[in-house]
Amino acid sequence: MRYLSLIGARLAKSVLVLLAILVLNFFLIHMAPGDPATVMAGEAGATDEQFLEDLRERFGLDKPLPIQLMHYLGGVLTLDFGYSYRQQMPVLDLVMDRLPATLLLTGSAFAVSLLFGILAGTMAAMRAKRPSGSIIMGLSLLFYATPLYWVAMMAVLVFSVFLGWLPAYGYTTVGAQYTGLAYLWDVAQHLILPATTLGLFFMAVYTRMTRASMLSVSQQDFVKTAHAKGLAPGVIQRRHILRNALLPIITLAGLQAGQMVGGAVLTETVFAWPGIGRLMYESLMQRDYNLLLGIFFFCALLVIIFNLLTDLVYRLADPRIKEAA
Amino acid sequence: MNPMTTSFMARFAQNRGAMVGLLILALVLLLAVCAPLLYPESPWRMVQRPFLAPGEVAGFPLGTDTMGRDVAAGLAHGAWVSLLIGLVSTAVALSIGVPLGALAGYFGGRVDDVLMRLTEFFQTIPNFALAIVLVAILEPSTSSIVLAIAVVSWPPVARLVRGEFLSLKRREYVEAALLVGQRHRDIIIKQILPNALSPIIVLASLMVATAILLESSLSFLGLGDPDTMSWGYMIGAARTVMRQAWWLSVIPGVAILLTVLALNLVGEGLDDALNPQLARPRQ
């Protein structure tokens, strides 16, 4: 019961945040160069005065701002995000079309970075006094400082251009009509480079968090007790330290992972990955502001859903956390 | 020099990574300052055949790009842009985050509630996506880029400063200042803020690094100031010719990597030197 009401509170908060983002979006449309009607028309219909007039009429663009805002919110509630005249499709359809590819990319990148980040961080914490630990931390600092898009380009250069091991761009091989397992294998091959390069930065973040968290847990009294009892160091590391260090890592990782959607814009641009990040780049190139802001809203929505999920998982995983939120 | 400063400098100098970082930064700064002297002409000017490899023609140590522009000149002018945008946007972010965090931490209660909800809101929005949207809507220029980076990077500052103020405001010297009738504004600025400075300095040095990465990512997407040559733009322009001329994307990338790495090393060094009692378990 208590758990359900907590979920309710979190949901209510998320809805408020979404509303705030919509209001922000609305004002951004009004800040865009040109009058809102041309922005909504994506400048494509700018020559057709009648068409612009229709848009002004439909969205009440001659009415005061608060009324326009209501129009806008009403549209969004009925899942109307406007129309992209550049792409000749409703914004919602465009986004839904591209969403699965982005979810696949960010999901894989998240899984890879969390798994390897925790592994590397654990090793670095266990070898804190040895050179191997310093090497892991040095590498993670290096990945932390490398621009995401550049590491992606370098990976293409090495693994596609020089070595020819993996495809350099796209989601599937163009022209190949694979089905079943062959199709999955094809997509997996295309996924390896984008997911790994997007994950590297986050892996570096998780490595540092894991190490710091483990080192701070290892100073606690119950660890000293375990040592005093004569338990094997390996057992203490795994059962006592890692388990206790893991929970804060998972929460922080979940919050960080939301930022992956932003990083995906760069990765998808480099790899021509047909997700919403690539769509965002296309809308930038075409100055299709209405589409751009629609995508921005969906990015924020993804982050909110992800944060909500992390929160729920965390509370389920650690029943000691009652409220505090 | 007072003994605290000397001990700080001694601790900082002992950190090998931080010293290497400082050296790299000094070189980048030198390059940036000398750019107008070494390459007085605009880095956008065509000066030679396009696609010259590094060292192929004397006088063009790093070769030329797709349009026959001098890569070395671009690198030097880009250094200036990176450092400038990194520093200014961090300063703007601090000028938003420090006052908000200080007010929230000092007054608590409703003020704290409102300000922290605002901070959380900005932390929820995906950083990079918001920066893209802001620059695109405001039209790419140095000032819109600085503003966008500042808008997405102030929340951690506000949170940090709030935390410091929450713990510092219970100290006896603050109570003493209240007793002698100092105004809140003076207590915040003259009593508490100076004592909260060291973590702010550390965070700021890391923020400059993040800001440089952000700026380069925006320029890479074609959202750079169209009048200034930047490292991110150079990589973005070289993307389509990666197969023919890989060095065009490698060289500016290494420049970004080294600069950001150096700032991170300096930040870690400052952290260890300013908080010796909290020095992360290392040896």
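Buried area is the accessible area (1.4 Å probe) that two parts lose on being put together, summed over both. Between chain A and chain B of this predicted model, about 4,100 Å² is buried, with carbon and sulfur atoms giving 76% of that area. On the chain A side, Tyr149(A), Trp150(A) and Met153(A) lose the most area to chain B, together 15% of what that side buries.

A few words on reading the model: residues are numbered from 1 along each chain as its sequence is written, and chains are lettered from A in the order in which they are written. Local features need pLDDT of at least 70, side-chain atom pairs count only at pLDDT 80 or more, totals for chains, interfaces and linings use all residues, and side-chain values use heavy atoms, leaving out hydrogens and water.

Here is the interface in brief, with contact meaning heavy atoms within 4.5 Å.

| Item | Value |
|---|---|
| Residues of chain A in contact with chain B | 50 residues |
| Residues of chain B in contact with chain A | 43 residues |
| Salt bridges across the interface | two salt bridges |

A salt bridge here is a side-chain nitrogen of Lys or Arg within 4 Å of a carboxyl oxygen of Asp or Glu. Lys13(A) forms one with Glu120(B), where the closest N and O atoms are 3.2 Å apart.

Now to the interior. A nonpolar core joins buried (under 20% relative accessible area, 1.4 Å probe, protein chains only) Ala, Val, Leu, Ile, Met, Phe, Trp, Tyr and Cys residues through side-chain atoms within 4.5 Å. The largest such core has 169 residues, of which Ile21(A), Tyr206(A) and Ile132(B) touch the most other members. Not counting residues up to four places away in sequence, Ile21(A) touches residues including Phe296(A), Phe121(B) and Ile125(B).

Note on methods. Buried means under 20% relative accessible area, exposed over 50%, partly exposed in between (1.4 Å probe, protein chains only).
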